[in-house]
Amino acid sequence: MESFKASVIIETEKMYRRKKVRIVVILSVVVIAFIQLISSVIRSGLGILWNTSSVFPITVLSVVSKTILPLFTALVIIDAFTGEFSHNTMKLSVTRPVTRFKVYLSKLTAAGVFVLFNLFIVMVLSTVAGVLFNSASLDFIGMIRIFLSYLVTLVPIMAFAVVIAFLANVLKSSAIVFFVSILLFIASSVLSVLFPESSGALLTSALDWHKLWIADSLPVGKILGQLALMAGYILVVVTAGYYKFDKRDL
C-alpha cells in the first residue's frame with residue numbers, strides 16, 4: 001500500500017509540473033466570466049432572474065463538464081501514457097519498486113486528483129461570482145447542492161478518462177489518441193441528441209448526472225442505473241487498458 005501511495009504522489013507531482021493546470025484555471029475564469037455576462041444580459045434585457053447565487057455554479061458546471069474538463073482530462077491521460085512512452089520516460093515509472101498494475105492505477109488516480117482539483121477551483125470561482133453578481137443570497141441548502149453536484153461529476157469524468165487511457169495504450173501517437181478521443185466525444189454527443197431513447201448507453205449522457213442528485217424528487221432508479229453503467233465501463237475498460245499497458249514494450 002505504501003508503494004502505491006508513493007507512486008500516486010509521484011504521478012500527481014508530474015502532472016502538476018505541466019502547464020495544463022494553469023491553463024485550465026485561466027479557461028475556467030473565462031468560461032465563468034462569459035456565462036456571467038450572458039446572465040447579466042438576459043437579466044437586464046428581459047427583466048428576469050436567470051441565475052441565482054446557487055444556480056449559477058451549477059450552470060457553470062453543466063458547461064465545463066461538457067467542454068474544457070473532458071478535454072484537459074484527455075490531455076493529461078495522454079501525457080501520462082502515450083507521452084511518457086514516446087519520450088522514453090515510462091521506464092522510470094515501471095522500474096520503481098511497484099507492480100505495473102499499481103503504476104497503471106496510480107496514473108489513473110493522479111488523473112482523478114487532477115479532475116477533483118479542477119472541479120474544486122471551478123466550484124469556488126463560480127460560487128464567488130454567483131454571490132457577487134446575483135441578487136439572491138446563498139443559503140446552506142444551496143451550498144450543499146453545489147458541493148454535491150461538483151463531487152458526483154468526478155464519476156462520469158473518470159469513466160471518460162479510463163476510456164482515453166485505454167486508447168492511449170492501444171494507439172502509439174499522442175495526436176492520434178487526442179483526435180480519436182475528440183471524435184468519439186463528439187460522435188457520442190451527437191448520437192445522444194439524435195437517438196435520445198438510446199442515449200442512456202452513452203457515457204456523454206452521464207455528464208449531466210449531477211442534475212439527478214439535485215432534483216426536487218430524487219430519482220434513485222435513474223441514479224443507480226447510470227452508476228451501474230459507469231461502473232461497468234470503468235471495470236471493463238480499466239481491465240482492457242491495463243492488459244494493453246502490461247503488454248507494451250518500453
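The model is predicted: local features need pLDDT of at least 70, side-chain atom pairs count only at pLDDT 80 or more, and totals for chains, interfaces and linings use all residues. Residues are numbered from 1 along each chain as its sequence is written, and side-chain values use heavy atoms, with hydrogens and water left out.

**Fold and surface**
- The chain has 11 helices and zero strands. Helices are DSSP runs of H or I with at least four residues, strands are E runs of at least two, and numbering starts at the N terminus.
- Of the 250 residues, 45% are buried (under 20% relative accessible area, 1.4 Å probe, protein chains only).
- Residues 24 or more positions apart supply 80% of the contacts with a separation of 6 or more (contact: heavy atoms within 4.5 Å).

**Cavities**
- Two cavities of 30 Å³ or more are present. A cavity is a set of points on a 1 Å grid over the protein atoms alone where a 1.4 Å probe fits but cannot get out; lining residues have an atom within 4 Å of a point. Volume is the space filled by probe spheres set on the points.
- The largest cavity holds about 40 Å³. Its lining is P70, P156, F160, F185, L203, T204 and L207.
- The second largest cavity has about 30 Å³. V24, S28, V64, I68, L69, N118, L119 and V122 line it. α2 (20–46), α4 (68–86) and α6 (100–133) each give two or more residues to this lining. α6 gives the largest share, three residues.

Conventions:
1 Å grid on protein atoms, 1.4 Å probe; cavity = no way out; pocket = protein on both sides within 12 Å on 5 of 7 lines; lining within 4 Å. Buried < 20%, exposed > 50% of the residue type's maximum accessible area, 1.4 Å probe, protein only.
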